[in-house]
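Colleague: I would like to learn how to read helix packing, a nonpolar core and a chain interface. Please take me through one case of each.

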Amino acid sequence: MLPGYRIARVCFIFSEPLKSNVAAGVSQPAPQNNSPISRLYAFVLWFEPISPPSPHSKLKTVQKMMVGDQQATGIVPITDIKFTCQLSPMLSESFWDNAESQDIGDRGSLDAFDTFYVNCFGGHIDYELFA
Amino acid sequence: MTVDMRFSLKRKLPKTTTLHPVILASDKTHLTNYSGDKSMHVVLLTIGNIPKPIRRKISRNAYILLAKIPSPKFENTQFSTAGEKNDMPGILRRQLFHLCMSIVLEPLRQCNGSPKLYRAVDPQGYHRKCAAVLAGWIADMDEVWLILGLSPSTCPKCLASHADLDSLCNQPARTSQWILDTLARVRNQVTEAADTWQFVSRAKEHGLFGVEKLCWEGIGVDVCRVICFDILHTLHKGFYDHLFSWIQKTVGEDDLDRGLMAQPHFIGRRNFSRGISHLSQLSGREHRDLQRHILPTILGHPSAIPRVQKAARAFLDFSYKVQFPLHSDHTLALLEEDLQAFYRNYTVFISNGTRELNHMKIPKLHYLRHASSNIKYLGALDGLSTETLETLHRLVKAAYPLTNRKRFKIQILRILQRTESVRLFSSYLDYASPAASLPNIPVNIHIDSDSDSDDDDNEIAQRSSGLDPVLASQEAEHSNGNTVQLGKRLLRGLSYKLSLRSHDTLSVDQLARIMPQADTVSPFIWFFTSGKRGDSHRTQHHVHRQHELPAHLGRLPTWFSFKLQAPAPNIYYQSEIQTVHCNPCPSDKPAVFDPVVIEMDLDQSGLKRTYLLFSS
């Protein structure tokens with residue numbers, strides 16, 4: 001991975017209500033007035049890098065960061081999110097041997113697998129960043 | 001156009017002459033769909049003085065239609081033998097193309113060894129002494145063979161014959177002069193009484209097609225050098241026709257389909273969620289999208305042995321690097337390394353039986369080695385692809401249905417002339433009296449947070465930002481009524497766009513119920529009570545047991561998607577607006593949590609590894 005950067009999946013974005021607003025009963029702050037960018041946060045699921053990269057394809061690899069049997073979660077300011085990226089699952093031999101694995105589908109792929117390649121061929125900007 | 005090329009051209013010209021590097025683009029296009037089989041050659045013109053980002057945008061009209069060359073079938077012409085009947089129409093079509101093009105290229109023909117000078121008015125109204133020189137010719141492989149008068153399956157850039165196409169040795173460069181000299185030799189070998197058929201038969205022995213009078217003769221430029229390496233047909237189509245089909249046979253059609261179906265959905269890209277084998281015809285865009293998915297898809301497959309992986313990786317590296325918007329010696333050296341790695345490993349497809357012939361004499365794969373020299377002479381190739389040209393075919397195709405299909409060529413020309421006149425006149429009106437043009441109606445577009453098209457988003461973002469992208473880029477926070485744009489100047493070019501109204505207001509308990517598979521409460525306490533950042537998860541759990549959730553976090557306004565505009569890695573890329581979907585509870589579907597890159601440590605980050613800006 002790029003030094004100083006980590007990959008995560010964003011679960012939702014939320015704004016931290018102001019303590020004074022909560023006390024006064026104001027419930028729906030709009031981002032430009034009461035929730036400046038510094039009060040917007042993202043709830044994320046963390047990944048951690050696996051080293052070294054895949055030997056022949058030279059693709060960088062990440063895996064879900066686990067705490068016990070759950071994927072590690074965290075909160076980051078929205079301004080720490082810098083780019084989108086594409087993850088492709090590492091398809092193991094068991095995937096290819098098991099004919100029923102085609103039921104996974106593109107929507108559930110990121111949940112079904114634990115280890116992923118960071119796909120640097122997702123676009124030209126991805127290539128500049130991750131190749 | 002590179003500085004070297006510009007200097008070498010300017011050296012031949014008097015001082016204070018403005019150089020117009022002419023870029024031609026020609027291709028054959030069908031006028032009819034499904035029936036009729038009527039086609040034409042379209043020749044378009046642009047000049048290198050127009051900056052590349054403008055030239056590449058179809059809507060900026062940087063290309064003008066220069067000529068349309070008929071492509072008749074010679075159905076009523078009588079030929080003496082069956083062989084002539086088969087081949088002569090093609091030969092005559094080529095001769096007709098060169099005859100017409102020699103008329104078109106007349107202004108570029110040199111007079112006493114230097115380009116003809118003419119006066120032109122620049123946008124400021126000054127009269128300038130100008131010279132036009134052919135600096136690029138965008139064409140696909142078939143068109144290149146036609147332009148150069150070479151027989152197919154020879155290399156247009158070097159003297160490699162078909163037998164040498166898979167040789168790793170470099171052959172001498174092919175030049176215009178070599179073609180003209182060879183043509184002269186053929187002329188000497190045939191008698192004056194020889195007809196076209198005999199001349200062509202003799203020319204083919206020398207690797208020529210047999211066009212007696214080539215259109216570019218006398219323009220004073222080495223046409224073999226100005227022919228542009230075509231990214232669309234050579235790389236994208238070459239990938240699909242050769243490498244992809246070998247990989248598909250290597251891993252098996254069914255397995256490849258399964259692998260592609262398991263790739264995560266990514267908005268704005270073509271996802272092959274039903275596999276690939278059911279698609280009978282793919283567009284250039286799909287060829288390109290396949291390159292995005294192919295390598296991670298095949299990596300774990302038992303048949304994808306290391307040499308297969310290396311060949312695929314090397315080709316993809318080469319393909320992506322060739323498309324860099326700017327090159328340096330460093331990137332060209334990397335390009336060469338990738339190509340050599342590809343050539344070292346692609347024979348694996350012969351050994352594993354997926355390439356049925358036992359050689360790699362494939363013109364498109366041989367031609368890859370000339371990309372580097374082409375870049376050195378012409379500059380980056382991303383602005384010289386036939387992709388723009390293919391899109392511009394609609395100019396011509398649109399005119400054909402407006403004719404009555406009889407003597408349609410004249411009618412098409414007339415229609416195009418009128419359209420062009422109207423467009424020029426309306427441009428003139430805009431220029432002469434801007435106030436008379438339509439007022440800028442404020443655009444009030446609701447940006448649907450579930451929109452699927454990022455291309456559309458880019459356009460909407462430009463339109464909704466008050467029609468002034470510069471101003472928008474300087475704004476720290478900007479609202480257009482429905483969405484709010486945050487960041488940009490304060491955040492080193494980053495901007496985030498969120499809907500003004502949050503999607504929902506949820507309590508942390510509700511969120512915990514929606515996402516039972518994740519620990520939802522601990523991060524809130526860790527972050528807001530202890531004020532800690534980062535991902536020390538075990539400590540996070542420990543803190544959770546000791547503290548309560550802060551009272552003001554009882555109910556949270558939440559958003560389930562936002563748009564992220566990351567700055568481009570360098571000035572030669574345009575930044576993209578991408579929608580990040582993060583919806584933990586879509587109805588009847590799995591949760592959507594898009595992957596993103598998060599900056600953890602400001603001291604270490606900073607994109608220092610990108611090729612162009614910080615090449616090391």
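Colleague: In which hand of crossing does H8(B) pass H10(B)?

Modeller: Bear in mind that this is a predicted model. The crossing of H8(B) past H10(B) is left-handed. H8 of chain B covers residues 231-251 and H10 of chain B covers residues 284-298; their axes come within 10 Å and cross at roughly 40°. An angle under 35 degrees would count as roughly parallel, so H8(B) is oblique to H10(B).

Colleague: Which residues make the contact?

Modeller: From H8(B), they include B:Leu232, B:Phe239, B:Tyr240, B:Phe244 and B:Ile247. H10(B) contributes, among them, B:His287, B:Leu290, B:Ile294 and B:Ile298. By type, the contact of H8(B) with H10(B) has 9 nonpolar, 4 polar and 2 charged residues.

Colleague: And the core: which residues touch the most other members?

Modeller: The general idea is that in soluble globular proteins nonpolar side chains tend to be buried together. Here the largest nonpolar core has 165 residues, and A:Val44 and B:Trp137 touch the most other members. Beyond four places in sequence, B:Trp137 is in contact with B:Leu24, B:Ile147, B:Val223, B:Val226, B:Ile227 and B:Cys228.

Colleague: How many residues of chain A are in contact with chain B?

Modeller: Interface size is often given as the accessible area lost when the parts come together. Counted by residues instead, 78 of chain A are in contact with 85 of chain B. Strand E1 of chain A, residues 5-15, supplies the largest share of chain A's side, 11 residues. That side of chain A divides into 42 nonpolar, 25 polar and 11 charged residues.

Technical notes
Residues numbered from 1 in each chain as written. Chains lettered and ligands numbered in written order. Predicted model: local features only at pLDDT ≥ 70, side-chain atom pairs only at ≥ 80, totals over all residues. Axes fitted to C-alpha atoms, helices over the stretch in contact; angles between N-to-C directions. Helix = DSSP H or I, 4+ residues; strand = E, 2+ residues; numbered from the N terminus. Parallel < 35°, antiparallel > 145°, perpendicular 65-115°, else oblique. Left-handed = near helix turned anticlockwise from the far one by under 90°. Contact = placed C-beta atoms within 7 Å. Nonpolar A, V, L, I, M, F, W, Y, C, P; charged D, E, K, R; others polar. Core = buried A, V, L, I, M, F, W, Y, C linked by C-beta atoms within 7 Å. Buried ≥ 20, exposed ≤ 12 C-beta atoms within 10 Å, placed from the backbone.
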